[in-house]
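Visitor: Please take a close look with me at one part of this model, and show me how that part sits among its neighbours.

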Amino acid sequence: MSAHSHTDHLPAELEKATLEGRNKILGFWLFLGAECALFGTLFASYLALRGNNMGGPTANELFDLSIVALATFILLTSSLFSVLAVHEMHRHNLGKVRFWLAATVLFGLAFLALEIYEFVHYVHEGHTFSSSAFASSFYSLVGFHGSHVLFGVCWIALLVAQLGRKGLTVVTGPKIYVAALYWHFIDVVWVFIFTVVYLMGKVG
Amino acid sequence: MVHNETSSQKIKRAPVHEGMKNHYITFALSIILTALAFFAVMNSDLGSGFVYFFIVILAFVQAILQILFWMHMKDRGHLYAQVTFVVAALVLLPIMVTALFWIWW
């Protein structure tokens with residue numbers, strides 16, 4: 001309770017309190033627009049090349065839907081955690097902001113572990129980056145998404161550490177908000193990956 | 001003065017608290033939509049043409065839900081973001097579709 005009254009002089013929406021904060025959010029939306037173009041081209045090349053497996057394993061033979069379902073659930077839950085962090089930021093509850101961001105990082109790591117396990121399994125099945133056009137476009141698309149998850153995990157982990165030193169201010173507020181936007185975007189991209197790559201691969 | 005400030009802050013914060021219910025509803029709907037998509041693919045009785053169409057629609061519905069509620073796009077003050085997003089979609093989708101048809105045929 002004492003920590004709460006200590007920060008009561010702060011504005012309710014930290015991320016929109018300063019012009020710099022508002023500009024940061026607008027700039028981040030422009031960045032996400034560019035990211036849409038990046039993933040759009042990767043999706044287009046995957047869709048065009050996914051039939052060319054050069055005698056290697058096909059999408060239908062490779063993919064295991066139970067692992068994909070688990071990965072989807074993990075990433076979706078971590079996206080909820082990051083929105084909870086923004087909610088607690090609006091309530092000026094530093095401890096809970098750091099807790100939910102740390103939970104986001106942990107679930108992001110779990111997602112990465114599953115993806116690495118999956119890729120290692122595929123390589124043993126003869127599905128390597130250079131084995132076919134299908135494999136190259138698959139690893140490019142899913143790998144780019146995975147590297148975005150890795151970047152997000154490092155970013156949010158550093159943010160949790162910085163929040164421990166600096167606390168909630170009009171400077172750290174926009175950082176939390178923008179990191180949460182990034183994480184939601186990663187989850188939205190995954191929605192299309194599990195639909196276009198995995199589910200469509202199983203349909204044939 | 002001081003009392004005035006705290007009461008005005010409480011008024012500002014009120015809608016933020018209500019927003020939490022929407023976030024949980026978005027989460028539940030996302031899980032239901034995902035489960036429906038997986039179920040449609042695992043159910044071999046449905047035609048593959050229908051399943052393709054169905055799961056793509058489900059993906060777009062889930063994406064729009066998350067963009068509106070989790071990425072706060074439905075909140076006020078998001079005009080620039082909304083315009084950017086709609087223009088990006090209108091420009092990108094035709095380019096992607098054209099490129100795909102060009103490669104296939």
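**A helix and its partners**

Guide: Reading chain B from the N terminus, the elements run α-α-α. Chain B therefore has three helices and zero strands (DSSP runs numbered from the N terminus: H or I of at least four residues for helices, E of at least two for strands). This is a predicted model, where local features need pLDDT of at least 70 and side-chain atom pairs count only at pLDDT 80 or more, while totals for chains, interfaces and linings use all residues. Residues are numbered from 1 along each chain as its sequence is written, with chains lettered from A and ligands numbered from 1 in the order in which they are written.

Chain A has seven helices and zero strands, in the order α-α-α-α-α-α-α from the N terminus. Its C-alpha atoms fill a box of roughly 65 × 30 × 25 Å along the principal axes. Of the 204 residues in chain A, 42% are buried (20 or more other C-beta atoms within 10 Å of the residue's own; 12 or fewer is exposed, in between partly exposed; C-beta atoms are placed from the backbone). In chain B, 16% of 105 residues count as buried.

Let's zoom in on α7 of chain A, residues 172-203. One neighbour is α2 of chain A, residues 19-49. These two helices pack at an angle of about 15 degrees, with axes 11 Å apart (axes are lines fitted to C-alpha atoms, for helices over the stretch in contact; angles run from 0 to 180 degrees between N-to-C directions). That makes α2(A) roughly parallel to α7(A) (under 35 degrees; over 145 is roughly antiparallel, 65 to 115 roughly perpendicular, the rest oblique). Among the residues making this contact (C-beta atoms within 7 Å) are A:Phe28, A:Leu32 and A:Phe39 of α2(A), along with A:Leu181, A:Phe185 and A:Val189 of α7(A). By class, this contact has 16 nonpolar, two polar and two charged residues (Ala, Val, Leu, Ile, Met, Phe, Trp, Tyr, Cys and Pro are nonpolar; Asp, Glu, Lys and Arg charged; the others, Gly among them, polar).

Now look across to chain B. α7(A) and α2(B) pack at about 175 degrees, their axes 10 Å apart, and are therefore roughly antiparallel to each other. A:Val188, A:Val191 and A:Leu199 are among the α7(A) residues in this contact, and B:Val51, B:Ile55 and B:Ala59 are among those of α2(B). The residues here divide into 13 nonpolar, five polar and one charged.

Finally, the largest nonpolar core has 66 residues (buried Ala, Val, Leu, Ile, Met, Phe, Trp, Tyr and Cys joined through C-beta atoms within 7 Å). Those with the most contacts inside the core are A:Ala85, A:Val97, A:Ile176, A:Ala180 and A:Val197. Both chains supply residues: α2, α4, α5 (94-124), α6 (133-166) and α7 of chain A, and α1 (2-42) and α2 (48-69) of chain B, each give at least two. Again α7(A) gives the most, with 20 residues. To trace one link yourself, find A:Ala85: leaving out residues up to four places away in sequence, it touches A:Val97, A:Trp100, A:Leu101, A:Thr104, A:Ile176 and A:Ala180.

Technical notes
Contact = placed C-beta atoms within 7 Å.
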